[in-house]
2 protein chains.
Amino acid sequence: MERKIDTIQEAIDWLSQYGEQFDGGVTRLLYSNAWQKAQEALRSWMDSLDIKTYYDKIGNLFGKLSSEDENAGVILVGSHIDTVKQGGKYDGAYGIVAGILALNVLKQKYGSPKRHIEVVSLCEEEGSRFPIACWGSGMLTGVLTYKDIRGLKDSEGVMFEEAMNDAGFSLTDRSYNIRSDIEGFIELHIEQGQVLEKLQKPIGIVQAIVGQRRFQITVCGESNHAGTTPMNWRKDPVHGAVEMIHKLLASVDHYDENLVTTVGQIEVKPNVSNVIADSVVFTVDVRHPNEKVLNIFCESFLQNFKQIAYELNVEMTSHLWHEVCSAEMDDHFTKVLKNVCKKRQISYHVMNSGAGHDAQLFASFCPTALLFVPSQGGISHSSLEYTAPAHLETGLHVLIDTLYELAY
Amino acid sequence: MERKIDTIQEAIDWLSQYGEQFDGGVTRLLYSNAWQKAQEALRSWMDSLDIKTYYDKIGNLFGKLSSEDENAGVILVGSHIDTVKQGGKYDGAYGIVAGILALNVLKQKYGSPKRHIEVVSLCEEEGSRFPIACWGSGMLTGVLTYKDIRGLKDSEGVMFEEAMNDAGFSLTDRSYNIRSDIEGFIELHIEQGQVLEKLQKPIGIVQAIVGQRRFQITVCGESNHAGTTPMNWRKDPVHGAVEMIHKLLASVDHYDENLVTTVGQIEVKPNVSNVIADSVVFTVDVRHPNEKVLNIFCESFLQNFKQIAYELNVEMTSHLWHEVCSAEMDDHFTKVLKNVCKKRQISYHVMNSGAGHDAQLFASFCPTALLFVPSQGGISHSSLEYTAPAHLETGLHVLIDTLYELAY
């Protein structure tokens with residue numbers, strides 16, 4: 001470490017140099033050079049703070065503040081070091097540097113904890129280089145195994161294992177020991193939405209991370225001349241797709257406000273103004289914190305789509321290509337967070353997370369908490385991602401107090 | 001001419017060698033090598049039949065069967081020699097080779113006509129190389145002038161004038177003399193739709209060519225995270241576009257069956273499944289034989305679009321980028337065609353043309369007729385374009401008899 005890092009903002013700015021883009025954004029893909037340099041920089045920072053560091057087999061980086069009781073359990077705090085392409089400098093990074101600063105403050109102020117506290121810089125969450133997400137937390141929690149990365153390639157044809165080996169990590173024996181000492185996980189993250197900003201709340205305490213389903217819907221019709229084909233002879237997949245999306249969005253009104261659905265991608269073929277299309281492919285993204293509600297909604301809209309396809313004489317097929325179950329955060333941890341906020345007179349909002357996080361994988365493995373700070377304009381995955389320093393500090397203070405409550 | 005052409009099918013197959021593609025389709029773009037060779041081949045064929053040939057300044061090729069009365073007017077018959085990229089061998093070509101065969105039969109059988117009869121191979125109709133359509137008929141009828149091609153480039157950056165000059169034609173003085181001797185135009189063309197096939201009619205007599213309007217509709221919203229943005233906070237341009245197209249297609253029911261509207265092109269940005277879109281651009285193609293109906297429909301749907309944009313909190317702009325007025329075919333010519341069919345006991349269907357044709361430009365210049373033969377499956381602008389030889393022959397016979405009625 002060349003210079004001392006005092007504030008959370010300094011830490012974020014300092015870490016963003018690894019993978020910094022011309023526009024101020026950050027690209028730090030799993031096992032890339034920027035990624036390796038960022039992990040090594042974190043390690044040397046923790047070393048300089050007398051926090052004991054080590055890597056696991058796959059490149060998750062840990063820093064440990066030890067209890068005097070060697071057999072004590074571990075409270076883990078952290079987030080992911082990787083970013084999307086042209087991402088922001090807060091997403092993931094904030095939870096790691098806040099964890100390191102928290103450990104340092106706790107160590108300075110209170111000495112050794114009763115439970116070990118470890119900070120983890122998880123190697124991967126975004127799924128931006130290889131077609132797999134939450135690799136770091138997935139391996140730690142046993143949700144993923146070696147099989148899940150076998151044969152995976154990035155967009156340039158580099159094999160996952162080759163990239164891992166080149167970065168100095170390996171699963172040569174194809175096994176990974178699931179730890180039994182982790183007694184809790186806390187993730188501090190930017191909200192990536194506008195809820196806290198609009199409600200003017202500095203802290204969000206997450207009660208559940210939504211379950212997700214992503215479908216690809218293909219509607220096939222019959223391409224024809226836009227001028228010479230009477231309307232009642234047409235098998236127009238654009239008409240089919242439009243009626244389906246119309247019905248999908250209208251049906252949301254029958255559900256509670258936690259249900260969100262998005263059609264973000266539409267591809268028309270041949271996509272020519274004076275030609276009735278041959279096919280339309282569109283995506284449906286659905287999220288809700290209750291798996292039962294999610295399943296009922298999905299069954300219902302797929303049934304509607306079939307009916308519309310039948311009525312409009314087009315073919316419809318659906319493919320569920322992404323499925324993540326909802327995850328509830330731990331009641332006790334949530335209570336601790338609320339009490340910490342109350343004590344500090346920090347206004348908080350209990351909410352769901354509409355985005356996926358590492359905490360989602362930990363939730364079925366150990367008591368887990370997820371804590372949000374506001375994102376300006378809700379912008380994320382962009383160089384425009386921003387959280388005001390005051391909010392960053394508030395999140396850090398809540399984290400420090402919570403770790404104190406859980407580990408001292 | 002190396003060999004004699006006896007049938008219309010032979011003529012079409014022979015001409016398709018100029019610009020023939022690996023899949024059996026034809027690409028013959030304006031002023032290209034294939035185009036030049038095709039025009040020269042037609043000229044040498046007509047020369048071999050003692051039909052007097054000449055080009056105009058821009059490359060329209062004429063063949064003349066002269067009346068003994070030099071001051072007699074001209075009945076013009078023909079269509080366009082150019083094709084779309086990867087087009088079929090019947091579109092345009094049929095009307096030219098049928099015209100040449102008709103002149104030859106009439107000459108052999110009846111000698112000199114009372115009115116001159118000319119066949120024309122119009123240089124361009126499709127608009128596939130340069131962003132201008134009906135260049136050949138447009139100049140002949142005075143609808144287009146030099147100004148319309150000034151500065152135009154093809155997709156490879158070649159200037160329109162340069163291409164014209166390289167093919168041996170020029171508008172160096174920038175003027176083109178509009179002829180005053182043309183007393184009628186007859187175009188024989190494949191239908192490019194399925195109406196005749198479905199009705200099992202070998203001949204279509206066109207009463208009107210529809211007017212066309214093409215709009216580009218841009219809907220702008222606010223891009224956001226699909227998971228973290230509540231439904232009622234969204235400004236989703238996909239939602240806006242879907243409601244607009246839904247309303248557009250539903251409103252067609254209030255009009256007569258001649259009104260057709262098509263959304264063939266949709267572009268979503270950024271087009272990512274888990275991101276609420278930033279903008280959607282889509283096209284609306286509308287056609288009807290009555291200009292008044294067309295205008296009322298367009299005004300009405302644009303008003304609906306504005307209302308929907310307002311209700312869904314998105315921005316909507318429209319751009320009318322293509323406008324062709326409807327054209328009525330000549331009553332007398334139409335009567336002649338009907339009588340010819342009746343005499344020959346050929347079943348015909350009086351219909352509108354949903355596609356544009358050179359005849360559309362001639363309609364305001366001189367009495368004009370447009371005659372269709374069936375297209376198998378309605379397929380056109382494709383190597384699969386096909387009309388059975390028997391239908392080609394029927395069309396030719398009707399053309400011969402009609403020219404006899406009008407010129408002898």
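B:Lys235 is partly exposed, with a relative accessible area of 29%, and that is where I'd like to begin, friends. For that scale, buried means under 20% relative accessible area, exposed over 50%, and partly exposed in between, using a 1.4 Å probe and the protein chains only.

Two housekeeping sentences before we go on. This is a predicted model, where local features need pLDDT of at least 70 and side-chain atom pairs count only at pLDDT 80 or more, while totals for chains, interfaces and linings use all residues. Residues are numbered from 1 along each chain as its sequence is written, chains are lettered from A and ligands numbered from 1 in the order in which they are written, and side-chain values use heavy atoms, with hydrogens and water left out.

Back to our lysine. Its partner is B:Glu222, and their side chains form a salt bridge at 3.8 Å, N to O; by that term I mean a side-chain nitrogen of Lys or Arg within 4 Å of a carboxyl oxygen of Asp or Glu. B:Glu222 is partly exposed too, at 34%. The two are 13 residues apart, with B:Glu222 in the loop between strand 7 (211-220) and strand 8, and B:Lys235 in the loop between strand 8 and helix 7 of chain B. Over in chain A, salt bridges with shared partners connect A:Lys64, A:Glu118, A:Arg179 and A:Asp181 in one network. A word on the element names: helices (H or I, at least four residues) and strands (E, at least two) are DSSP runs, numbered from the N terminus.

How many salt bridges does the structure hold over all chains? There are 32. In chain B, look at B:Glu118. B:Lys64 meets B:Glu118 in a salt bridge of 3.9 Å, N to O. B:Lys64 is in strand 2 (residues 61-65) and B:Glu118 in strand 4, so this pair ties together parts that lie 54 residues apart in sequence. B:Arg179 also bridges to B:Glu118, with the closest N and O atoms 3.0 Å apart. Here the separation is 61 residues, B:Arg179 being in the loop between helix 5 (160-166) and strand 5 (182-190) of chain B. Both B:Arg179 and B:Glu118 are buried, and the value for B:Glu118 is 1%.

Now the site. UniProt, in an unreviewed entry, lists A:His80, A:Asp91 and A:His189 under "binding site"; its positions are given in the numbering used here, feature names are shortened, and annotations may be inferred rather than shown by experiment. These residues span 110 residues in sequence, yet no two of their C-alpha atoms are more than 9.8 Å apart, so they gather at one spot.

A:Asp91 sits in the loop between strand 3 (74-80) and helix 3 (93-110), buried at 4%. A:His189 is in strand 5 (residues 182-190), buried at 1%. Their side chains make a polar contact at 2.9 Å, the term meaning N or O atoms within 3.5 Å, one able to donate a hydrogen and the other to accept it, where residues adjacent in sequence count only through side-chain atoms on both sides. Beyond four places in sequence, A:Asp91 is in contact (heavy atoms within 4.5 Å) with residues including A:His80, A:Glu126 and A:His381.

On to the interface. 49 residues of chain B contact 50 residues of chain A. About 4,200 Å² is buried between them, 58% of it from carbon and sulfur atoms; buried area is the accessible area (1.4 Å probe) that two parts lose on being put together, summed over both. B:Met231, B:Trp233 and B:Ser273 supply 15% of what chain B buries there, more than any other three residues. The count of salt bridges across is 0, while 17 residue pairs are in polar contact. Helix 7 of chain B gives the largest share of its side, 7 residues.

Last, some backbone points. Most residues other than glycine have a negative phi, and most peptide bonds are trans. In chain A, the bond from A:Lys269 to A:Pro270 is cis, with omega near 0°, and a cis bond also joins B:Lys269 and B:Pro270. A:Asp50 has phi near 60° and is exposed at 64%.
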